[in-house]
Amino acid sequence: MNSPQAILELFARKGDIAYAGEGISQIEHAWQCGQLARAAGASQTLQLASWLHDLGHLLTDLDGSPTVDGIDDRHEHTAAVMLDAIWGPSVAEPVRLHVAAKRYLVATYPEYRERLSPDSVRSLALQGGAMSLEECVAFQASRYALDAQQLRSWDEAGKRPSWFASDTQHALDELRALMDRVHFLPA
Ligand SMILES: [Fe+2]
Ligand SMILES: [Fe+2]
């Protein structure tokens with residue numbers, strides 16, 4: 001189950017699931033975040049983290065928008081466990097922290113909340129809302145705090161309608177090529 005091939009198959013099978021209320025699909029969001037990371041000159045590990053940050057939504061059996069029903073699917077943790085086993089913390093930790101980064105950014109930049117999509121605002125409350133001062137200090141101490149904040153900026157921007165690869169297969173080929181270039185790096 002913990003293999004690049006399993007992830008590609010998951011996207012092929014479930015990637016067209018709507019990304020909760022955003023007007024795009026999971027694979028479109030993943031692809032857009034990967035493109036934005038690459039355009040920003042991110043490392044290959046951070047590009048891969050950007051591609052796969054919402055993989056946890058595909059690993060759950062919950063349908064559609066769990067946040068509408070008041071459920072936090074803790075997708076950042078389920079994805080990080082899988083990614084850590086395959087590529088190690090440089091891919092897994094920015095993914096694990098991408099929800100924490102939202103809570104941090106809302107606490108430290110009040111205007112950041114206006115950049116959030118409706119589903120991100122809904123999930124923010126379920127995920128604990130803006131961080132407390134103590135939580136902000138702990139977050140800043142993480143080695144991957146900056147990566148997670150960068151990933152978060154692409155996450156917010158990667159929800160554009162009508163921006164995608166020529167087709168799903170082409171997007172998956174891009175993902176496979178990137179996966180092939182990233183090797184396991186222990187902590
Ligand atoms: Fe997410
Ligand atoms: Fe996302």
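Is His98 buried or exposed? His98 is buried, with a relative accessible area of 1%. Keep that residue in mind. We'll come back to it in a moment.

A word on what you are looking at. This is a predicted model. I'll take the metal site, then the salt bridges.

Start with the metal. The iron ion (ligand 1) is coordinated by Asp54 (OD), His75 (NE2) and His98 (NE2). The distances run from 2.1 to 2.2 Å. Along the chain, these donors follow the spacing D-x20-H-x22-H. His75 is in helix H5, residues 75-87, and His98 is in helix H7, so the pair ties together parts that are 23 residues apart in sequence. What about burial? His75 has a relative accessible area of 6%, under the 20% cut-off, so His75 counts as buried. His98, as I said, is buried at 1%.

On to the salt bridges. How many does the structure hold? Six. I'll show you three of those pairs.

First up, Arg103 and Glu135. Their closest N and O atoms are 3.1 Å apart. This pair links distant parts of the chain. Arg103 is in helix H7, residues 98-108, while Glu135 is in helix H9, residues 133-140. That is 32 residues apart. Arg103 counts as buried, at 11% relative accessibility. Glu135 is partly exposed, at 33%.

Next, Asp119 and Arg122. Here the closest N and O atoms are 2.8 Å apart. Both residues lie in helix H8, residues 118-126. They are three residues apart, about one turn of the helix. Asp119 is buried, at 9% relative accessibility. Arg122 is partly exposed, at 33%.

Last pair: Asp155 and Arg152. Their side chains meet in a salt bridge at 3.4 Å, N to O. Both are in helix H10, residues 145-157. Again the spacing is three residues, about one turn of the helix. Is Arg152 buried or exposed? Buried, at 3% relative accessibility. Asp155 is buried too, with a relative accessible area of 2%. Salt bridges that share partners join Arg152, Asp155, Glu156 and Lys159 into one network.

Conventions
Residues are numbered from 1 along each chain as its sequence is written. Chains are lettered from A and ligands numbered from 1 in the order in which they are written. This is a predicted model: local features need pLDDT of at least 70, side-chain atom pairs count only at pLDDT 80 or more; totals for chains, interfaces and linings use all residues. Side-chain values use heavy atoms; hydrogens and water are left out. A salt bridge is a side-chain nitrogen of Lys or Arg within 4 Å of a carboxyl oxygen of Asp or Glu. Helices (H or I, at least four residues) and strands (E, at least two) are DSSP runs, numbered from the N terminus. Buried means under 20% relative accessible area, exposed over 50%, partly exposed in between (1.4 Å probe, protein chains only). Donors are N, O and S atoms within 2.8 Å of the metal (3.2 Å for Na, K and Ca); water is not among the atoms, so sites may look incomplete.
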